[in-house]
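Please study the sequence and the three-dimensional structure shown here.

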Amino acid sequence: MSEFILGIESSCDDTSIGIANGRQIMANVTANQDIHREFGGVVPELASRAHQQNIIPVLKAALTKAKIQPNQLAAIAFTSGPGLLGSLLVGTSFAKSLAMALNIPLIEVNHMQAHILAHFIEQPGRQSPDFPFLCLTVSGGHTQIVKVKGHFDYELLGQTIDDAAGEAFDKSAKIMGLPYPGGPMIDQKAKSGDPSKFKFAKPKVEGYDFSFSGLKTSILYFLQKQMKLNPKFIEENEADLCASIQYTIVNILMTNLVRAAKDHNISQIAIAGGVSANSELRATLENLALINNWQIFIPDFEYCTDNGAMIAITGHYKYQLQQFSGINTVASARRHLTSS
Ligand code: KG4
Ligand code: ZN
C-alpha cells in the first residue's frame, strides 16, 4: 500500500520538497538561491524572502514529478531546526497550513538527523549501512561525527567548536578572492595543484572535536605576508594554494574519523552534507577504506546537500512510530542532534 510522505526543507538557502513512498523517493525538487553569490555568503533576510517565493512552485513541481494529488499525502514532514530562524519559519508555517488543510499528521524533523537518515533512501545498487555505523556530516553549517545506533538512537562523538568544514572551504576561498560558494571552486582548482606545497597549522582540539577558525587565520596571515613580497602571489600559486588548503581540511576531518572508528571498533563509515562532494575527501575515504577494511557509504550528491527527500524519509520513519507534532510546535534555530 502507498504511504506518501511530503518532506519540506527550508533551513538555509535551498527550498526543497521531497516525496517518499516508504524508502523510495518519488520526487526531490530543489530551488537554489543564486542571490547570495553576489554577497559572498547566505544573507538570512534574502533567504527567507526567496523561500516564500519558491515554496509553492517547488511543491507543485514535486507533486507533478511524483504524479500524485495533495489528497493522496499521508503526512507532512518539515525541518524544524537547526538552521536560520527566518528560513525555518517559512517552511514550518507552510507545513502547518498544509497539514491542517489536508487534515493529515504533521511531523517535525531535526535537520541533522535527516542528513544521517538520507543513507536509508532506496537507491539502485546501493546498500544502506547496518547499525552501528559512524556518520561524518560535513556541510556549510555542520561538522559532526555521530555514532548511529538506530534510526533515532545517536551518540554525538565530536563536532566543530567554531566554523564548519564547508565554511573553512568558503572562507579560505573568499580570502583568495574566489566567488561563493568556494568549496566546489577550490576542489576544481586543486586538481592541478601540489597539496604538499604549503603547510598550514592544524588545530589542537580535545577528543573528536574539530576547529577550523585557526586555519582561516593562518591562511590569511600567510597570504598577507606573501602578497607584500609579491602582489601576484595568489594568482601565480592558485592551484597549489587550493590543493594545500583542501589537503589540510580533509586531513583534519579524516584524522578524527579514523581515530573514532578505531576507538569504537566500527568499520561502517558514512558521510553526508555538501562537503562530501569534495573529490579529495572521497578519494581519501576510499583509500582509508582499503587500509582499514571499512565499508563506506556516500549517498548521491542530490541527497548529500540540503534536500527535501531526506526530510521525507525521516518523516517516513517517524510516521511508522506515530511520532506526530501538535499544531503549536515551533521552529528553533538551535537544536541538538538528539532532540526530536
Ligand atoms: O549541505 P550543503 O549544500 O548546505 C549546508 O550548508 O547545509 O553544503 C554546502 C557547503 C558549502 O560550504 C560548499 O562550499 C560545500 O558544501 N561544498 C564543497 C563542495 N561542494 C559543496 N566543499 C568542498 N568541495 C566540494 N566539491
Ligand atoms: Zn544541512
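Student: In what order do the strands of the open sheet lie?

Tutor: This is a predicted model, in which local features need pLDDT of at least 70, side-chain atom pairs count only at pLDDT 80 or more, and totals for chains, interfaces and linings use all residues. Residues are numbered from 1 along each chain as its sequence is written. Strands (E, at least two residues) and helices (H or I, at least four) are DSSP runs, numbered from the N terminus, and two strands pair if DSSP finds at least two bridges between them. The open sheet has five strands with mixed pairing, in the order E3-E2-E1-E4-E5.

Student: Which strands stand at the edges?

Tutor: An edge strand has a single partner strand, so one side of it is left without a neighbour in the sheet. The strands placed in this way are E3 (24-31) and E5 (106-110).

Student: Which residue in E4 stands opposite leucine 6?

Tutor: Strand E1 (residues 4-9) and strand E4 (residues 73-81) run parallel and are joined by five bridges. Opposite leucine 6 stands isoleucine 76.

Student: How is helix H6 oriented relative to helix H7?

Tutor: Axes are lines fitted to C-alpha atoms, for helices over the stretch in contact (heavy atoms within 4.5 Å), and angles run from 0 to 180 degrees between N-to-C directions. The axes of H6 (residues 213-229) and H7 (residues 233-263) come within 13 Å and cross at roughly 160°. Angles under 35 degrees count as roughly parallel, over 145 as roughly antiparallel, 65 to 115 as roughly perpendicular and the rest as oblique. The crossing angle therefore makes H6, relative to H7, roughly antiparallel.

Technical notes:
Chains lettered and ligands numbered in written order. Heavy atoms only, no water.
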